[in-house]
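Thanks for coming. I will go through one structure today, starting with charged pairs and ending with nonpolar cores.

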Amino acid sequence: MKRAVISLFIAISCSAIAQQKAPLPYATQLAAFHSQAEQMSKALYAANAALEAAQDRTSADAAAPLVLEVHRQHALMTTASQTLEQAGATVTALFSKGKLRLALRHLPLGRYQKLKDEQMKQNCHGSVRLYLALTNRTAAFNDAQIDSPLSEADATTLRAVAEVFECLRRNTNLKKWETEENFDTTLLALIDKAQPGIEALQQSPVALMQFDAMVIAARPQLQLLYERAFYEFGNLEERLIRRPDNFFANLYSEYYRRTYFDRRASHTNHPDIRKLVASRWDAVAPALAEFRKKHDLGEGDGRTPETAFSFPPHVNRSNYADFLNEFSQSIFGEDALFVQPPKILQRNKFNKPVVYALAYGGRLQGKHLRKVHLIYCYFYLPQ
């Protein structure tokens, strides 16, 4: 009996070991990704060394081919990642399990990005070829365009752009919130002055190089302006975020613009704001009645956290954000604003968690009323 039990134990153990050592279904693809990561690492180290050594136009020109090799290896690595995913594993999942951490940890991407920004802030020491390599635009221009000097028209546009960034710098002091009088109208006027020549800049590599150098230098101010909600100037929020129509607005990513109002705090305690928001609710009453007919929203009116709507039965915590955005689009049309699931849930006076759809509520005159006002459409969080 003992011998039979021991034999059974050995058989089970051997079976478990065999299962543990069974090859992964994506072993070949994983090995290919590791190999490509190694090639990418070599390309990055070589490019970083060349960028560190680039101190004049000649050495900057010499760094360009090594930077292009980084882009080539990155494309190959993307393909290897896609092949791995098709085989049944994602890079993110494998990294979390520790299977790719060593391979990816040795990629000096942070150093590469820092050196890239440093070179671009210095106009790549006059090397248009290095600039195009760093921005991966080399194929977009021919030799004649690359070697063409800056035109007077482009120089005039760049001077106008420099005025925009100088105005921004004067009005984004990290230690204080104050801005010059009429900062908002001055900034927009300078943007409009530069705008007509922006399209022409796209045809000149040397002009683009100088433009991007100014943008990179202004990044801290651009970030601070955004974080300070454009100093609550509604006309800046309108033209830079809600309905972007100029090059300055495009300096913010689509994601930044899309999520701006969802992130921005808004208060409706002022009687004029409450009156404005109430009038907007009244204006959409027919559309709301129709939507309520189509969906079971409960008895609430959605105007406060305590009188929130209820989600229809088919909506749950995995898809409620989609429904919120659908609601806003259906009721407010082009005035709908994007929302995403909150990181910290809001609770009403009854300690019930609520979320909201969001819409543009308009603007008012007055120093403390000039920002874009928001309409919150509250819903009880689904189970």
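Before the details, one term: a residue is called buried when its relative accessible area is under 20%. By that cut-off Asp335, with a relative accessible area of 14%, is buried. Please keep in mind that this is a predicted model.

Let me stay with Asp335. Which residues does it pair with? One partner is Arg242: the two side chains meet in a salt bridge, with N to O at 2.5 Å. Arg242 belongs to helix H14, residues 234–242, while Asp335 sits in the loop between helix H18 (320–332) and strand S1 (336–337), so this pair ties together parts that are 93 residues apart in sequence. Arg242 is buried as well, at 15% relative accessible area.

Asp335 also forms a salt bridge with Arg280, and here the closest N and O atoms are 2.8 Å apart. Arg280 is in helix H16, residues 271–283, and Asp335 is in the loop between H18 and S1, so the parts tied together are 55 residues apart in sequence. Arg280 has a relative accessible area of 18%, which is under the 20% limit, so Arg280 counts as buried. Through shared partners, salt bridges join Glu238, Arg242, Arg280 and Asp335 into one network.

How many salt bridges are there in the whole structure? A search finds 19. Another one of these links the side chains of Glu69 and Arg72, at 3.0 Å from N to O. Both residues are in helix H3, which covers residues 57–86, and because they are 3 residues apart, about one helical turn separates them. Glu69 is partly exposed, at 27% relative accessibility. Arg72 is also partly exposed, at 46%.

Now to the nonpolar side. In soluble globular proteins, nonpolar side chains tend to be buried together. The largest nonpolar core in this model has 70 residues, and the members touching the most others are Phe230, Phe247, Phe248, Phe327 and Phe379. Helix H9, residues 152–170, supplies the largest share of this core, with 7 residues.

Take Phe247 as an example. What does it contact beyond its neighbours within four places in sequence? The list is Val161, Val164, Ile191, Ala194, Gln195, Ile198 and Phe211.

Conventions:
Residues numbered from 1 in each chain as written. Predicted model: local features only at pLDDT ≥ 70, side-chain atom pairs only at ≥ 80, totals over all residues. Heavy atoms only, no water. Salt bridge = Lys/Arg side-chain N within 4 Å of Asp/Glu carboxyl O. Helix = DSSP H or I, 4+ residues; strand = E, 2+ residues; numbered from the N terminus. Buried < 20%, exposed > 50% of the residue type's maximum accessible area, 1.4 Å probe, protein only. Core = buried A, V, L, I, M, F, W, Y, C linked by side-chain atoms within 4.5 Å. Contact = heavy atoms within 4.5 Å.
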